[in-house]
Amino acid sequence: MSAPPAIVATNVSRTYELDGVSVPALRGVSLTVAAGDYLAIVGASGSGKSTLMHLLGGLDRPTGGTLVIGGRDVATLSPPEMARLRNETIGFVFQSFHLLTRTTARDNVALPLVYRGIGRRERRARAGAMLERVGLGHRMDHRPNQMSGGEQQRVAIARALVTGPSVLLADEPTGNLDTTTGQSVLALLESLNAEGVAVVLVTHDREVAERAHRQIVMRDGLIVDAAPVAATGPGEPA
Amino acid sequence: MRVAEAWRVALDALRANRLRSVLTMLGVVIGVAAVVALVAIGTGTKQQIEQQVEGLGSNLLIVVPGRLEAGSAPSVSTLSLDDVDAVSRIVGDRSRVAVTVASGESVRAGSRSSFASIQGVLETTPTVFVRRLDRGSYLTRSDVNTARRVAVLGAGVAAQLFGDRDPIGRQITIGGVRFRVIGTFEALGQSLGVDRDNEVHIPVTAAQRLLGTERIDALAIRAPDRERIDTLGDDIVAALGKRHPESDFSAVTQEQILGVLGDILGVLTGVLAAIAGISLLVGGVGVSNIMLVSVRERTREIGLRKAVGARPRDIGVQFLLEAVLLTTIGGVIGMALGISAALLVDRLSPVPAAITWWSLALAFGVSALVGIVFGVVPAQRAGRLDPVVALRTE
């Protein structure tokens, strides 16, 4: 792989202050997301995997270590610069979709382009193309409450992709979907990965995680195991 | 984020909560309507009074006994008809000098009676003041010299005593003394709360005999030219002071009366507008309150917008625009309501109202300002929300 890595975290820690008590959520994590990577972060709730995802996505800043996203050290960035970095480099997919309820699929997908200062006509054209891409060309003007969970998640994926990010961060993307729908959403993510977008899945579902090219297992704010999927040992209970 | 897009988002948000938006606007609507209506009424009243004072005629100089100062005691007039001759010599033209001695008396014609303001005057009154006759003729110099018992009736008195009949040549009694009607005035209406159609003019000499007095209450002079009006006033006051060393006299011009009245009404209008402005302020607090609720309700939306690249400023602007939109729409509705209220008052009551463009511009500007002032805190709060926390909110 000749392209520079999308995200490099070096000994990153994140400590929350709760009523004067320091609560460490991440205690020194080093991780590289290469361009075109397909990575799963697994762990029980409270293991720090969500905190790690927020950091990787530039929604939060580490309290220790260095974090470089898209070649830029987040410690040097102001909040508006962080917003721009998220807009240009990262696409988010959430468990609960996070679509604007009163807004059509097309305008939901176009939302990130609003903050890039792109005109309405071009926004709608790009959003339409992206909806076609995720197989929802016939649902452009539907609102989220008129769509199934799987369709809503596809809209969310289209929204994550519309800015052409180098990394797609998916937090339990199949968590609210039935197995079949979940499979097709994963298949979509994988086809995007095949086209060169790095995909980071955060999940507690081993079966989902095993589809990734490599897994990172977290416990108590630390990476306890990092290995290609093939090496995690077959026959381990799911 | 482009401004047009921000407007669209703000408008969408208001539409999504239609009833709440309308109720929030209501505070601003009422405030702006009250300001616009009260300022219109204040302005209308001021204009009407100014017109009436101007209607008295230009270059008017009024001489009264006593000092025109706040707190000075009202003084009994020591002026007599001899003083009028002295003043006429200073002015150089007797026809420019008018006098009045006034008293309220019961006026009767047959079985009908009316309580009227009896004004003892010279024949010069219609030229000094602007007073037009409806019928008949006015008093003559010989009427005044011989204290002839003739009267000119105000329109209201004439209507009360004679109804539709022609009063000219008929007899009336004033305070039990018989007078003959020789003319009637055109209707004038109210002026400064005084019904000017309730006057009856009789020769000043006859009035003094009727009232058993030598005094006159006041002098009015129509100055030959505007430039000399102040020196003329000073000359007259000095001459009268020499004739009556024990008394003070004052001369006021029409401009001075207008100035004083204008000041009083201006202050009054300002106070009314300020009181109405308080309700606008309360409306602003309501907007602030609802915007804070809105920020809390839409925390997830804010989190998502930030995740996909909204800067703190973009979010702040979105909520600020929403607040400004609430208050400016409320302001426009309030203006329409205030204008309608003012027009209704003007048409249906004796209180006049005049709508001025500056009061509308001010109302609109203030309502937008209220939106900005009361929208800033909620907008800042929204802009500063931590996206991680916002996304987790359920």
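This is a predicted model: local features need pLDDT of at least 70, side-chain atom pairs count only at pLDDT 80 or more; totals for chains, interfaces and linings use all residues.
**Exercise 1.** Determine how many residues each chain gives to the contact, and how much area the two chains bury between them.

*Solution.* Begin with the residue count: 25 residues come from chain A and 25 residues from chain B. Next, take the area: the two chains bury about 2200 Å² between them, with 61% of it on carbon and sulfur atoms. Then consider the side of chain A, where A:His98, A:Arg102 and A:Tyr115 lose the most area to chain B, together 30% of what that side buries.

**Exercise 2.** Identify the salt bridge across the interface, and describe the polar contacts and the side of chain A that touches chain B.

*Solution.* A salt bridge requires a side-chain nitrogen of Lys or Arg within 4 Å of a carboxyl oxygen of Asp or Glu. The side chains of A:Arg123 and B:Glu5 meet in such a bridge, at 2.6 Å from N to O. One salt bridge is found across the interface. Polar contacts number six residue pairs between chain A and chain B. On the side of chain A that touches chain B, the elements giving two or more residues are α2 (79-89), α3 (105-114) and α4 (120-133). Of these, α2(A) gives the most, with five residues. By class, this side has 13 nonpolar, six polar and six charged residues.

Key:
Residues are numbered from 1 along each chain as its sequence is written. Chains are lettered from A and ligands numbered from 1 in the order in which they are written. Side-chain values use heavy atoms; hydrogens and water are left out. Contact means heavy atoms within 4.5 Å. Buried area is the accessible area (1.4 Å probe) that two parts lose on being put together, summed over both. A polar contact is a pair of N or O atoms within 3.5 Å; within protein, one must be able to donate a hydrogen and the other to accept it, and residues adjacent in sequence count only if both atoms are side-chain atoms. Helices (H or I, at least four residues) and strands (E, at least two) are DSSP runs, numbered from the N terminus. Ala, Val, Leu, Ile, Met, Phe, Trp, Tyr, Cys and Pro count as nonpolar, Asp, Glu, Lys and Arg as charged, and the others, Gly among them, as polar.
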